[in-house]
Amino acid sequence: MKSFSILGLLLIVNGILLTGCVEPYPPPVTDDQAGYLVVDGYLNSSTGTITVKLTRAIPLSSVDIPPTEPNALITLEDSDGNTFMLTEEGNGKYSLSGVPTDFSKQYRLLITTAENKNYISEFVEIKQAPPIDELTWVPTDNGVKIQVDTHDDTQKSIYYKWSFEETYEQHAVYYSAYEYNGGDVKLRTPENDVYTCWKDEISQNIIIGTSQRLSTDIINDFPVTLIPPGSPKIYVRYSILVKQRVLTKEAYTYYDKLKKTTEDLGGLFDPQPGQVTGNFKSVSDPSEIVIGYFSGGSEESERMFITLSDLPQHLRGYQSEGACSQDTVKLEELPFFSDGPNLLINGQYEGITLVGYTFAPTGCADCRRKGGTTERPDFW
């Protein structure tokens, strides 16, 4: 098990997740200390899958994306000596499906990089997660608070970790009823609609909680996330899928210290640097620092929806036209019209005679320009 100073970790944590510091923290380290291997691995017994992400650490001040680690060989081994080879998917991600899991066994990861350096994790037990009792939202002055309740009658969970996936419907400012292609104007079909999109976002911060100090293993009204008042996420309809896992005490301690380092450090009264421990070590070079944690267990999830009409007035937000505006193109001008920067909106008439069309910039009439896709989610 490798231990190292948080001052060093401040250099490299952005290889694991986004930071949330109130003010920038200038670590007293140099760029040549970057390059440590960063491992993020989880064995999901609910789906029989294992996923591992390998990256290299970069300086905290860097705005670059952490480089991924390609061409590695990753093996999952159980405590009976059975091994399972992961497949490389690209972009530093390795995975395997159909993994037989047994809560009576322990598991570890073995990694060999393209440079023939070997790394190994400790054996870990896989934890059974209890169901989510209730997923609710509460209106507050600061926004919509999403919160979760759970409990474990066996008193064996205690340490919890959550993540979430958000999906929300968004609309273009204007509805484009027509499309212009090769000189022809045609009504848009439902398959070509660009007014309604759905956008996905995933949680970035570490979300953990514990019932350790309670007499019973109960988590009540635990805040998962907060949607600010008037957020575009709830202009129309919003959905959140919350996933719940249970950690070992050692894994919880790791994520707790990492959370304090990456999200809370930055003020006079914030936690000060201490020690952070991962469960990987280098076999090739015992003095080499390895970042990250491998854990496993079952996963429980719950989905919830919120529509704009559900919200109290002070939390509602509405899309405005902003800088968007419409113009007109006459029929005789159509041969010179380009639908790249612009999209046709509606027909323009003089009496019952069509004389042209209104149009608007694509960014105002194509919801995909805001990010997202026109493909309706299966659960919507």
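A residue is called buried if its relative accessible area is under 20%, exposed if over 50%, and partly exposed in between (1.4 Å probe, protein chains only). The model is predicted, so local features need pLDDT of at least 70 and side-chain atom pairs count only at pLDDT 80 or more, while totals for chains, interfaces and linings use all residues. Residues are numbered from 1 along each chain as its sequence is written, and side-chain values use heavy atoms, with hydrogens and water left out.

Rings of Phe, Tyr and Trp (its six-membered ring) pair if their centres lie within 6.5 Å; planes under 30 degrees apart are stacked, over 60 edge-to-face, and the rest tilted. The structure holds 14 aromatic pairs. Among them is the edge-to-face pair of Y180 and F337, with 5.7 Å centre to centre and 85° between the planes. Y180 belongs to strand β14 and F337 to the loop between β24 and β25, so this pair ties together parts 157 residues apart in sequence. Helices (H or I, at least four residues) and strands (E, at least two) are DSSP runs, numbered from the N terminus.

Y255 and Y293 form a tilted pair, 6.3 Å centre to centre with 50° between the planes. Because Y255 is in helix α2 and Y293 in strand β22, the pair ties together parts 38 residues apart in sequence.

| Residue | Relative accessible area | Class |
|---|---|---|
| Y180 | 11% | buried |
| F337 | 11% | buried |
| Y255 | 10% | buried |
| Y293 | 5% | buried |

W198, F305, F379 and W380 form one aromatic cluster. The charged end of R237 sits over the ring of W380, 5.1 Å from its centre; this term requires NZ of Lys or CZ of Arg within 6 Å of the ring centre and within 35 degrees of the ring normal. R303 lies over the face of F379, at 3.5 Å from the ring centre.
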